[in-house]
Amino acid sequence: MSEHSPVAFAPPDNVTGRSSDANSSMPGSHDGGLSPALVESIAGLSAGTIATLVVHPLDIVKTRMQISTSAASAASQNLSTVGLLRSLSSNPKPLSSLYRGLVPNLSGNALSWASFFFFKTRFEDLLTFARGTPRPTPSDFFVASALAGAATSVLSNPIWVVKTRMLASDKGAKGAYPSMWSGFRTIYATEGVRGLYRGLGVSMIGVSHGAVQFAVYEPAKRLYFARRRRMGRIGLGHTQITTTLITRPQPQLHLCSFL
């Protein structure tokens, strides 16, 4: 290439969407359309919303079983999955009981999924650019996932505190929060900011799970699709679609004791 010829950038990687040229690995760079970070955020937001709507009643059951303090109380209240679901659905307003706390649960999961993948992609781009390498290394995936998990925990912790307390009690119970915003106001008024960040320390420890998972998952995904392309079984378009829709694992977001 001559001294005055245009700079030729390498095509984006078929799996990660990043350029394979180290000189083009600027943070947030993309080949037209939506940036990888925005695509990851939208995908995470959509997946988190759908998953929460489907499993929310089971989340109530799990929370109430986890906060049971004794075998005697568990036996008296029939704290089994079937027993709790039957109890919730036998109320005058079964849907209201089965989906109590849906707003904070939906908000927390949507925020967590979207922000995790947004921060993860941004941190990967920054680490790649800082190293001057064409693509992230396994250690970059580990660090980026850990930092993304920590940032997500800080953002979403107040929502998880309110969500856990709402799921732990029926709407008509003494001291129960009638809404998410009522819960925020009550906690802030009685416990201050520290009350909104109960369990944050445990959540920070828990981000190591996701960091290890993605440090193994991302290189394994790249090797798998590279092998598939060499065998001629899937093309570029199918690779990108399959990567997005099938192989993206759920980020491990940890439930702590917020009571």
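Before the details, a word on conventions: residues are numbered from 1 along each chain as its sequence is written, and side-chain values use heavy atoms, with hydrogens and water left out. Since we are looking at a prediction, local features need pLDDT of at least 70 and side-chain atom pairs count only at pLDDT 80 or more, while totals for chains, interfaces and linings use all residues.

Let me start with the overall picture. The protein chain has 9 helices and 0 strands, where helices are DSSP runs of H or I with at least four residues, strands are runs of E with at least two, and both are numbered from the N terminus. Of its 259 residues, 40% count as buried, meaning under 20% relative accessible area with a 1.4 Å probe and protein chains only, whereas exposed is over 50% and partly exposed lies in between.

Now to the packing of α1, residues 36-66, on α5, residues 102-131: the angle is about 150° and the axes are 7 Å apart, with axes fitted to C-alpha atoms over the stretch in contact and angles running from 0 to 180 degrees between N-to-C directions. That makes α1 roughly antiparallel to α5, the cut-off for that word being over 145 degrees. By class, this contact has 12 nonpolar, 9 polar and 3 charged residues, and here Gly is counted among the polar ones.

Helix α1 also meets α3, residues 81-89, where the axes come within 10 Å and cross at roughly 115°. On the α1 side the residues are Pro57, Leu58, Ile60, Val61, Arg64 and Met65, and on the α3 side they are Thr81, Leu84, Leu85 and Leu88, with contact taken as heavy atoms within 4.5 Å. Sorted by class, that contact has 8 nonpolar, 1 polar and 1 charged residues.

Finally, the aromatic pairs, of which the structure holds 5, a pair being rings of Phe, Tyr or Trp (its six-membered ring) with centres within 6.5 Å, called stacked under 30 degrees between planes, edge-to-face over 60 and tilted for the rest. One of them joins Phe116 and Phe117 edge-to-face, at 5.4 Å centre to centre and 80° between the planes, and both of these residues are buried. Another edge-to-face pair is Phe118 with Phe119, at 5.7 Å and 70°; Phe118 is partly exposed at 32% relative accessibility, and Phe119 is partly exposed at 22%. Ring pairs also link Phe118, Phe119 and Phe123 into a cluster.

How values were computed:
Angles under 35 degrees count as roughly parallel, over 145 as roughly antiparallel, 65 to 115 as roughly perpendicular and the rest as oblique.
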